Amino acid sequence: MRFLDEDDDDPITSVVNLVDLFVVIIAVLLVVLVQNPLNPFNARNVVVIENPGAANMRITVKDGEDLTRYESQGQIGEGQGEKAGSAYRLPNGNLIYVPE
């Protein structure tokens, strides 16, 4: 029963615990980086809309390696064009576009 009487005051055990903690933190950060839609290692084309409908709305478009950011100026746009169809919202929230 000599092992029960000894004190574990070895400082290396706390260092090993800190290394384990940092390995877990690095693993979590890598998972977050991989799940980011604007990940530079991801080849998909992505559109990210931040604050939709607000005055400070921002749209980021990733097309391959090109990033384009569009920011709202808080103004209502106007232009020329013609009506192309109608959109209807169903009771379940889906939108249906009917061309004319």
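## A pair in the hairpin

Strands here are DSSP runs of E with at least two residues, helices are runs of H or I with at least four, and both are numbered from the N terminus. This is a predicted model, in which local features need pLDDT of at least 70 and side-chain atom pairs count only at pLDDT 80 or more, while totals for chains, interfaces and linings use all residues. Residues are numbered from 1 along each chain as its sequence is written, and side-chain values use heavy atoms, with hydrogens and water left out.

Strand 4 (residues 85–89) and strand 5 run antiparallel and are joined by 5 bridges; two strands pair if DSSP finds at least two bridges between them. Their hairpin has 5 residues between the strands, and Gly 93 takes a positive phi near 100° there.

## Tyr 97 and its neighbours

Tyr 97 sits in strand 5, which spans residues 95–99. Leaving aside neighbours within four places in sequence, Tyr 97 is in contact (heavy atoms within 4.5 Å) with Ala 84, Gly 85, Ser 86 and Ala 87.

Take Ala 84 from that list. Tyr 97 and Ala 84 are 13 residues apart in sequence, and their C-alpha atoms are 9.7 Å apart in space. The side chain of Tyr 97, however, reaches the backbone oxygen of Ala 84 at 2.8 Å.

Now to another part of the chain. An open sheet is formed by 3 strands in the order 1-2-3, with antiparallel pairing. Strand 1 and strand 3 (66–71) are the edge strands, each pairing on one side only. From one strand to the next, the twist averages 15°; the axes behind such angles are lines fitted to C-alpha atoms (for helices over the stretch in contact), and angles run from 0 to 180 degrees between N-to-C directions. Strands of a sheet pair through backbone hydrogen bonds, either parallel or antiparallel.

Strand 1 and strand 2 are joined by 5 bridges, and Val 48 stands opposite Thr 60 in strand 2. Is Thr 60 buried or exposed? Thr 60 is buried because its relative accessible area is 3%. Leaving aside neighbours within four places in sequence, the contacts of Thr 60 include Leu 38, Val 46 and Leu 67. The Thr 60 side chain also makes a polar contact with the side chain of Arg 69 at 3.4 Å. A polar contact is a pair of N or O atoms within 3.5 Å; within protein, one must be able to donate a hydrogen and the other to accept it, and residues adjacent in sequence count only if both atoms are side-chain atoms.

## A loop residue to look at

Asn 51 lies in the loop between strand 1 (46–50) and strand 2 (58–63). Most residues other than glycine have a negative phi. Asn 51 has a positive phi of about 55° although it is not a glycine. At 38% relative accessibility, Asn 51 counts as partly exposed.

## The whole chain

Finally, step back. The chain has 2 helices and 5 strands, following the pattern α-α-β-β-β-β-β along the sequence. Of its 100 residues, 8% count as buried. Among contacts between residues at least 6 apart in sequence, 4% join residues at least 24 apart.

Conventions
Buried < 20%, exposed > 50% of the residue type's maximum accessible area, 1.4 Å probe, protein only.
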